[in-house]
Amino acid sequence: MAAPVMTEKAGGVTPPATVAVWDPFVRLFHWSLVTLFVCAFLTGDEIDWLHQWAGYAIAVLVGLRVIWGFIGPRHARFASFLRPPSEVLAFLRQSLRLGAPRHLGHNPAGGYMVIAMFGLLAYLSVTGMLLTTDAYWGAHVLKAAHEAGAYAMVGLVMLHLAGVALASVEHGENLVRAMVTGRKRSADRNNLK
């Protein structure tokens with residue numbers, strides 16, 4: 001991919017081609033969560049101890065990320081990306097027509113996806129931990145509910161990946177690379193919100 005073209009602004013100041021968006025904690029959280037969820041999903045009925053430890057690690061990570069959502073830097077904070085439902089619906093309509101505005105941080109739909117994923121991961125953590133207690137050991141209904149949650153999470157992951165692909169195409173920006181490097185195209189390029 002070609003390097004972004006730099007344009008000179010008034011006063012001879014050239015804006016940076018990219019800006020830091022995702023801090024190291026958010027990036028480490030994201031890729032650790034991906035790895036741990038895949039591990040937990042693949043070991044569910046096969047390697048109990050590894051499945052349980054991956055689940056405990058996911059619970060800790062989500063707890064830390066929730067805290068970071070209140071005290072972290074701007075783009076990590078929930079306040080920066082949780083928008084009213086009307087804005088989310090408007091954004092989704094615009095996005096389906098490939099006309100949604102670009103956002104430096106999470107877009108409105110992405111913000112709701114974060115909350116949905118955190119909620120479902122918390123549900124999986126609680127139901128998984130309950131299955132290890134004497135009171136719920138071997139509880140078939142709870143185990144089925146836990147497994148249904150895991151498959152629902154896979155569905156959310158697929159929606160998340162589709163949204164990332166759509167936004168990447170729509171705005172000509174590699175969002176996967178941005179979650180690795182932490183950097184995105186500068187704020188004064190394209191129709192940024």
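**Arginine 102 is buried, as is glutamate 173.** Buried here means under 20% relative accessible area, exposed means over 50%, and partly exposed lies in between, computed with a 1.4 Å probe and protein chains only. The model is predicted, so that local features need pLDDT of at least 70 and side-chain atom pairs count only at pLDDT 80 or more, whereas totals for chains, interfaces and linings use all residues. Residues are numbered from 1 along each chain as its sequence is written, and side-chain values use heavy atoms, with hydrogens and water left out. The side chains of arginine 102 and glutamate 173 meet in a salt bridge, 2.7 Å from N to O, a term that requires a side-chain nitrogen of Lys or Arg within 4 Å of a carboxyl oxygen of Asp or Glu. This pair links distant parts of the chain, with arginine 102 in the loop between H4 and H5 and glutamate 173 in the loop between H6 and H7, 71 residues apart. Helices (H or I, at least four residues) and strands (E, at least two) are DSSP runs, numbered from the N terminus.

**Lysine 143 forms a salt bridge with aspartate 45.** The closest N and O atoms of lysine 143 and aspartate 45 are 3.1 Å apart. Lysine 143 counts as partly exposed because its relative accessibility is 35%, whereas aspartate 45, at 54%, counts as exposed. The structure holds five salt bridges.

**Arginine 83 pairs with glutamate 87 in a salt bridge.** The closest N and O atoms of arginine 83 and glutamate 87 lie 3.1 Å apart. Arginine 83 is partly exposed at 33% relative accessibility, and glutamate 87 is partly exposed with a relative accessible area of 35%.

**Trp31 belongs to a nonpolar surface patch of about 750 Å².** The patch is made by Trp31, Val34, Val38, Phe41, Leu42, Tyr151, Val176 and Val180; patches consist of residues with over 30% relative accessible area and no salt bridge, like charges being joined within 9 Å and nonpolar side chains (Val, Leu, Ile, Met, Phe, Trp, Tyr) within 5 Å. Helix H1 (24-43) and helix H7 (175-181) are the elements that give two or more residues to the patch, and H1 supplies the largest share, five residues. Tryptophan 31, placed in helix H1, counts as partly exposed because its relative accessibility is 34%.

**Methionine 113 is found in helix H5.** Methionine 113 counts as buried because its relative accessibility is 14%. Leaving aside residues up to four places away in sequence, methionine 113 touches Leu156, Leu159 and His160, contact meaning heavy atoms within 4.5 Å. Although methionine 113 and histidine 160 are 47 residues apart in sequence, their C-alpha atoms are 7.0 Å apart.

**The buried residues of H2 pack against H1, helix H3 (78-81) and H5.** These buried residues are Ala54, Ile58, Leu61, Val62, Arg65 and Gly69. Helix H2 (residues 48-71) has 24 residues, which should span 34 Å at 1.5 Å a residue, and its end C-alpha atoms are 35 Å apart, in agreement; the expected span is 1.5 Å times one less than the number of residues.

**Leucine 98 has a positive phi of about 55 degrees although it is not a glycine.** Leucine 98 sits in the loop between helix H4 (85-96) and H5, and it is exposed, with a relative accessible area of 52%.

Methods: Areas by Shrake-Rupley, 256 points an atom, 1.4 Å probe, with all protein chains shown as cover.
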